[in-house]
Amino acid sequence: MGKTFIMDHPLIQHKIGIIRRKETGTKDFRQLISEIAMLITYEATRNLELADQEIETPICKTTVKELGGKKLAIVPILRAGLGMVDGMLAMIPSAKVGHIGLYRDPVTALPHEYYCKLPEDCDKRNVFVVDPMLATGGSAIAAIQMLKEKGVKNITLMCIIAAPEGVKAMEEAHPDVNMYIGALDEKLNEHKYIVPGLGDAGDRIFGTK
C-alpha cells in the first residue's frame, strides 16, 4: 500500500509561504518552486536502494555506498510540472526525463492526453510524477494510469500543494502510489482552485495569464 507524506521541514514550509504571496514575482516564484522540488526530492528518495562499491581514496582502499537497484525517471505533467524538474535533476542528475501533457475537457472536466514521451526503459525505472498542484487529482490520476498501462510499476507522486479532495481521489484510484506533498491545504473552492493555495502555478512559473 502506498503512503502519503506531508512535508514538515522548516525550509520547505518557509519557501511555500513565500510562493503563496501574490506579490512574489515570476523570477522568485520559479526559483522557489525549483528549490522546494529539490527539498521534497531529498525526502522522497530516502528509501532508494544502495549497493557497496569498492573505491580507492587518496589514503587507502575502502567500501562506500552508491545508488543501486532501479534507475530513476522524472515525469512532469505539462506544463506546470516543468517548474520542478531542474531542482530534482540537481539532486539526481542521472535521471531520465519524460513528459505527459493533459488538457481538461471544458464540458466534462475530464483530463485528456495530448502529449506523452517517455524514456524507452521507463517500465524498469522508479518514476517520479511531478506537478506543483494536486487539486481534484484528475490529471495526476490520468497520468499515473497512462504510466501503468505502459508497464511502469514503481511510481511516486510529488506535488507542492494539495487539496484534501485530490489526496482522497488519488488514494482511491492508485492506493499503491506513495505521495510526497509540500503542504496540505484546506479545500477546493467552487472553481476547483486550492484554498488558500497560490493561484495558477503554471501562470506564475511562466509569467502568463
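Modeller: Let's start with Asp185, which counts as buried because its relative accessibility is 8%; buried means under 20% relative accessible area, exposed over 50% and partly exposed in between, with a 1.4 Å probe and protein chains only. Before going on: this is a predicted model, so local features need pLDDT of at least 70, side-chain atom pairs count only at pLDDT 80 or more, and totals for chains, interfaces and linings use all residues. Residues are numbered from 1 along each chain as its sequence is written, and side-chain values use heavy atoms, with hydrogens and water left out.

Asp185 sits in the loop between S11 and strand S12 (187-188); helices (H or I, at least four residues) and strands (E, at least two) are DSSP runs, numbered from the N terminus. A polar atom of its side chain is 2.8 Å from the backbone nitrogen of Gly197. Leaving out residues up to four places away in sequence, Asp185 touches Arg20, Ile161, Ala162, Pro164, Ile194, Val195, Pro196 and Gly197, where contact means heavy atoms within 4.5 Å.

Searching the whole structure turns up one aromatic pair. It is made by Phe5 and Tyr180, and it counts as stacked because the ring centres are 4.6 Å apart and the planes meet at 15°. The cut-offs: rings of Phe, Tyr and Trp (its six-membered ring) pair if their centres lie within 6.5 Å, and planes under 30 degrees apart are stacked, over 60 edge-to-face and the rest tilted. This pair joins distant parts of the chain, with Phe5 in strand S1 and Tyr180 in strand S11, 175 residues apart. Tyr180 is buried at 6% relative accessible area, whereas Phe5 is partly exposed at 29%.

Ser139 is buried, at 19% relative accessible area, and touches Ile77, Leu102, Arg104 and Pro111, not counting residues up to four places away in sequence. Asp131, in the loop between strand S8 (125-130) and strand S9 (133-134), is buried too, at 15%. Beyond four places in sequence, its contacts include Ile77, Ala80, Met158 and Ile160.

An unreviewed UniProt entry lists Ser139 and Asp131 among its "binding site" residues; such annotations may be inferred rather than shown by experiment, with feature names shortened and positions in the numbering used here. Of the listed residues, Arg79, Arg104, Asp131, Ser139 and Asp200 are among those lining the largest pocket. A pocket, on a 1 Å grid over the protein atoms alone, is an open set of points where a 1.4 Å probe fits, with protein on both sides within 12 Å along at least five of seven lines, and lining residues have an atom within 4 Å of a point.

How values were computed:
A polar contact is a pair of N or O atoms within 3.5 Å; within protein, one must be able to donate a hydrogen and the other to accept it, and residues adjacent in sequence count only if both atoms are side-chain atoms.
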